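Me: I want to learn how to read features from a model like this. Can we go case by case?

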Amino acid sequence: MRYRIYYEDTDCGGIIYHANYFKYCERARSEIFFANNLIPQDQHGYFVVKSLQAQFLAPGKLGDTLEVITKLKELKKISVILEQEVVKVAPQNARLFSMQIKLGFISQDTHTPAPISTSFITLLKSLL
């Protein structure tokens with residue numbers, strides 16, 4: 001997923017506000033589902049963030065074009081670990097941000113951990 005950085009994305013120095021990287025990654029994860037005519041929840045359950053580890057590698061700036069790259073690292077019965085990178089593609093290539101995020105699948109009925117729906121497993125495997 002690509003983004004252009006606008007004034008609203010930056011701090012007073014024209015640098016991307018740190019929390020926006022999390023939003024860009026969240027949008028990219030959702031877009032994977034939307035592009036496949038799904039949403040990241042179904043009648044069985046939904047995903048929640050269990051944990052994440054983030055590294056801020058270089059600053060992004062006003063006017064940059066960024067791309068979020070999402071890869072599957074681990075898929076288990078009730079959880080998934082994804083690696084996401086934010087890369088500046090214009091005006092020059094550079095890695096700006098890297099995150100590993102663990103998502104758990106939660107039952108719609110009991111709000112406790114549950115097996116990930118089959119359609120979601122198929123979609124997530126496509127990220128390999």
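Me: Is Arg 2 buried or exposed?

Reply: Arg 2 counts as exposed, at 55% relative accessibility. The cut-off for exposed is over 50%. Keep in mind that this is a predicted model.

Me: Which side chain does Arg 2 meet in a salt bridge?

Reply: Arg 2 meets the side chain of Glu 67, at 3.6 Å from N to O. Glu 67 is partly exposed, with 26% relative accessibility. Now place both residues. Arg 2 lies in strand E1 (residues 2-4) and Glu 67 in strand E3 (residues 65-75), so the bridge ties together parts that are 65 residues apart in sequence.

Me: How many salt bridges does the whole structure hold?

Reply: A search of the whole structure finds four. One of them joins Arg 29 and Glu 26, at 2.3 Å from N to O. These two residues sit three apart in helix H1, so about one helical turn separates them. Arg 29 counts as buried at 8% relative accessibility, whereas Glu 26 is partly exposed at 38%. Another salt bridge joins Glu 74 and Lys 76, at 3.6 Å. Glu 74 is partly exposed at 34%, and Lys 76 is partly exposed at 47%.

Me: Next, the sheet. What holds strands together, and what is the strand order here?

Reply: In general, strands of a sheet pair through backbone hydrogen bonds, either parallel or antiparallel. Here five strands form an open sheet in the order E1-E3-E4-E5-E2, with antiparallel pairing. E1 and strand E2 (45-56) are the edge strands, each pairing on one side only. From one strand to the next, the twist averages 25°.

Me: How many bridges join E2 and E5?

Reply: Eleven bridges, in the antiparallel sense. Within E5, Phe 97 is the bridge partner of Phe 56.

Me: Which strands do the helices lie across?

Reply: H1 lies across E1, E2, E3, strand E4 (79-90) and E5, and runs at about 60° to E5. Helix H2 (residues 118-125) lies across E2, E3, E4 and E5. H2 runs at about 120° to E3.

Me: Now the rings. How do I describe an aromatic pair, and how many does the structure hold?

Reply: Two numbers describe a pair of aromatic rings: the distance of the centres and the angle of the planes. This structure holds twelve aromatic pairs. Take Tyr 21 and Tyr 24: their ring centres are 6.2 Å apart and their planes stand at 80°, so the pair is edge-to-face. The cut-off for that class is over 60 degrees. Tyr 21 and Tyr 24 are three residues apart in helix H1 (residues 18-34), so about one helical turn separates them. Both are buried.

Me: Which pair links distant parts of the chain?

Reply: Look at Phe 22 and Phe 97. Their pair is edge-to-face, with 5.7 Å centre to centre and 90° between the planes. Phe 22 is in helix H1 and Phe 97 in strand E5 (residues 94-107), 75 residues apart.

Me: Which residues do the ring pairs link into a cluster?

Reply: The cluster consists of Tyr 3, Tyr 21, Phe 22, Tyr 24, Phe 56 and Phe 97. Two of these names came up with the sheet: Phe 56 has Phe 97 as its bridge partner in E5.

Definitions and conventions
Residues numbered from 1 in each chain as written. Predicted model: local features only at pLDDT ≥ 70, side-chain atom pairs only at ≥ 80, totals over all residues. Heavy atoms only, no water. Phe/Tyr/Trp six-rings, centres within 6.5 Å; stacked < 30°, edge-to-face > 60°. Helix = DSSP H or I, 4+ residues; strand = E, 2+ residues; numbered from the N terminus. Buried < 20%, exposed > 50% of the residue type's maximum accessible area, 1.4 Å probe, protein only. Pairing = 2+ DSSP bridges. Axes fitted to C-alpha atoms, helices over the stretch in contact; angles between N-to-C directions. Contact = heavy atoms within 4.5 Å.
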